[in-house]
Amino acid sequence: MRDPEPQRKTARDAAPNQREDIPSTYPSVTQGIRNQEREVDEEDKEVISESYSMPPSYSLPHLAAGGCGGAVREGVDQPLVPPLNFAMVEHGVFRSGFPEASNFPFLQSLGLRSVLCLCPEPYPEENLEFLRTNGIKLFQLGIDGSKEPFVNIPEDTIREALKVVLDTRNHPVLIHCKRGKHRTGCVVGCLRKLQKWCLTSIFDEYQRFAAAKARISDQRFIERFDVSSLKHLNTSFTCLEK
């Protein structure tokens with residue numbers, strides 16, 4: 001008498017064994033994506049930290065409580081978000097693109113005395129309220145933001161802007177235009193000429209902020225700008241001291 005044939009396993013019966021054979025150490029696709037996102041987030045944090053690192057004398061203090069227009073409420077952690085293209089020019093002088101409401105806590109931490117706006121459009125009411133609340137003076141010297149080949153940079157306006165920057169009574173001061181590239185770059189570039197920087201270094205700094213949007217007309221203006229008319233100004237400004 002024949003021995004009974006072994007019972008054949010169906011695909012359904014084999015499935016559990018197959019699943020058990022899969023090593024549990026292999027991460028799922030979802031987990032892999034999350035790990036990649038976590039790595040990107042960490043890289044972004046490092047880039048932001050390097051781009052907006054502050055010198056010891058301007059380490060961010062604890063912000064005051066109360067008020068409105070961007071003031072910080074007590075017991076509430078406020079994210080410190082710098083404006084677009086923010087950077088320190090010299091001790092007491094900063095530059096950036098146009099500040100938004102999300103940037104107010106960061107600007108408040110700088111203890112600004114004044115803001116120099118190079119845009120001709122009316123200043124937003126929300127920004128004006130922030131300035132009033134924090135006792136910050138607004139200097140608005142509008143320069144048209146036309147694109148090449150229609151760029152017209154008025155020398156008189158640049159001189160007036162430099163007078164504001166050179167006056168230490170206005171420090172700390174923030175210089176800004178729309179993107180913090182062209183108009184702001186021209187003012188800072190002319191300031192560097194007062195500091196007797198070489199043109200190569202001046203243009204390197206300008207291009208670092210303007211990037212692909214760098215304009216030959218801006219660089220020509222900086223090169224031809226006559227700083228002799230500003231030599232009578234008080235040169236006790238920290239960044240001009242040798």
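Colleague: Is Ser 96 buried or exposed?
Modeller: Start with the cut-offs: buried means under 20% relative accessible area, exposed over 50%, and partly exposed in between (1.4 Å probe, protein chains only). Ser 96 has a relative accessible area of 0%, so this residue counts as buried.

Colleague: What pLDDT do local features need here?
Modeller: Residues are numbered from 1 along each chain as its sequence is written, and side-chain values use heavy atoms, with hydrogens and water left out. This is a predicted model: totals for chains, interfaces and linings use all residues, side-chain atom pairs count only at pLDDT 80 or more, and local features need pLDDT of at least 70.

Colleague: Which strand holds Ser 96?
Modeller: Helices (H or I, at least four residues) and strands (E, at least two) are DSSP runs, numbered from the N terminus. Ser 96 falls within residues 93-96, and that run is strand E2.

Colleague: Which residues does Ser 96 touch, beyond those up to four places away in sequence?
Modeller: Contact means heavy atoms within 4.5 Å. Among the partners of Ser 96 are Pro 83, Leu 84, Asn 85 and Phe 86.

Colleague: Where is Ala 211, another residue with a positive phi?
Modeller: Ala 211 is not a glycine either, yet its phi is about 55°. Its place is the loop between H7 and helix H8 (216-224).

Colleague: How many helices and strands does the chain have?
Modeller: From the N terminus on, the elements run α-α-β-β-α-β-α-β-α-β-α-α-α. The totals are eight helices and five strands.

Colleague: What share of the chain's residues counts as buried?
Modeller: The chain has 242 residues. Of these, the buried share is 37%.

Colleague: Which backbone oxygen lies 2.6 Å from the side chain of His 182?
Modeller: His 182 is in helix H6 (residues 182-194). His 182 counts as buried, because its relative accessibility is 16%. Leaving aside neighbours within four places in sequence, His 182 contacts Tyr 206, Lys 213, Arg 215 and Asp 218. A polar atom of its side chain lies 2.6 Å from the backbone oxygen of Lys 213.

Colleague: How does H5 lie relative to H6?
Modeller: Axes are lines fitted to C-alpha atoms, for helices over the stretch in contact, and angles run from 0 to 180 degrees between N-to-C directions. Under 35 degrees counts as roughly parallel, over 145 as roughly antiparallel, 65 to 115 as roughly perpendicular, and the rest as oblique. Helix H5 (residues 155-166) and H6 pack at about 70°, with their axes 10 Å apart. That makes H5, relative to H6, roughly perpendicular.

Colleague: How many nonpolar residues are in the contact of H5 with H6?
Modeller: H5 brings Ile 158, Ala 161, Leu 162, Val 165 and Leu 166, while H6 brings Cys 186, Val 187, Cys 190, Leu 191 and Leu 194. Ala, Val, Leu, Ile, Met, Phe, Trp, Tyr, Cys and Pro count as nonpolar, Asp, Glu, Lys and Arg as charged, and the others, Gly among them, as polar. The contact has no polar and no charged residues, and its nonpolar count is 10.

Colleague: How does H6 lie relative to H7?
Modeller: The axes of H6 and helix H7 (residues 199-210) come within 10 Å. They cross at roughly 160°. That makes H6, relative to H7, roughly antiparallel.

Colleague: How many charged residues are in the contact of H6 with H7?
Modeller: His 182, Gly 185, Val 188, Gly 189, Arg 192 and Lys 193 in H6 meet Ile 202, Glu 205 and Tyr 206 in H7. By class, three are nonpolar and three polar, and the charged count is three.

Colleague: How far apart in space are Asn 127 and Ala 101?
Modeller: Asn 127 is in helix H4. Asn 127 is buried, because its relative accessible area is 6%. Asn 127 and Ala 101 are 26 residues apart in sequence, while their C-alpha to C-alpha distance is 7.4 Å.

Colleague: Which side chain makes a polar contact with that of Glu 129?
Modeller: Glu 129 is in H4 (residues 125-133). Glu 129 is partly exposed, because its relative accessible area is 27%. A polar contact is a pair of N or O atoms within 3.5 Å; within protein, one must be able to donate a hydrogen and the other to accept it, and residues adjacent in sequence count only if both atoms are side-chain atoms. At 3.1 Å, the partner of Glu 129 is Arg 132.
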